[in-house]
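Please examine the sequence and the model shown below.

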Amino acid sequence: IYSAILTDIKKQPEFLDFFLSQNYPNPFNPETIINFTIPMRAEATLKIFDVLGREIEVLLNEIIQPGKHSAKFNGDKYSSGIYYYQLRTESFIKTMKMILIK
């Protein structure tokens, strides 16, 4: 018979790492959702760029709390094509591609 005595419990953080998911739907018309996870309180930006790398929209630019977050991008005023979205904090940066089809 196996017995154990529980002596210490260490709570693990709920979110262990940064994560930027593929937007959904993709391709999209005219709206898409971008989901991301932040493991700690951080100043974060989520920006949209055109295919030439020009910043066209800022969806987020603030200090956010740890957890799962989402942002909506509306492409009504943009033409069909490839766009990029980038999540950036002091210790993380990731860029992903999305396609707007009208």
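A residue is called buried under 20% relative accessible area, exposed over 50%, and partly exposed in between. The structure discussed here is a predicted model. In this model P30 has a relative accessibility of 25%, and therefore counts as partly exposed. P30 is located in the loop that joins β1 (19–20) to β2 (31–38). Leaving out residues up to four places away in sequence, P30 touches F73, N74, G75, D76 and L100. With G75, P30 has a C-alpha to C-alpha distance of 5.0 Å, although 45 residues separate the two in sequence.

The largest nonpolar core comprises 22 residues, of which F36, L46, Y85 and L87 touch the most other members. At least two residues of this core are supplied by each of β2, β3 (42–49), β4 (55–64), β5 (67–74), β6 (81–88) and β7. The largest share, 4 residues, comes from β3. The surroundings of F36 can be described in detail: apart from neighbours within four places in sequence, F36 is in contact with F19, L20, L46, L60, I64, G67, K68, H69, S70 and L87.

Not counting residues up to four places away in sequence, K102 touches N29, G75, D76, K77, Y78 and S80. The side chain of K102 reaches the backbone oxygen of Y78 at 2.6 Å. Between K102 and D76, which are 26 residues apart along the chain, the C-alpha separation is 8.8 Å. G75 and D76 are among the residues touched by P30 and also among those touched by K102.

Methods
Residues numbered from 1 in each chain as written. Predicted model: local features only at pLDDT ≥ 70, side-chain atom pairs only at ≥ 80, totals over all residues. Heavy atoms only, no water. Contact = heavy atoms within 4.5 Å. Polar contact = N/O pair within 3.5 Å; in protein donor to acceptor, adjacent residues only side chain to side chain. Buried < 20%, exposed > 50% of the residue type's maximum accessible area, 1.4 Å probe, protein only. Core = buried A, V, L, I, M, F, W, Y, C linked by side-chain atoms within 4.5 Å.
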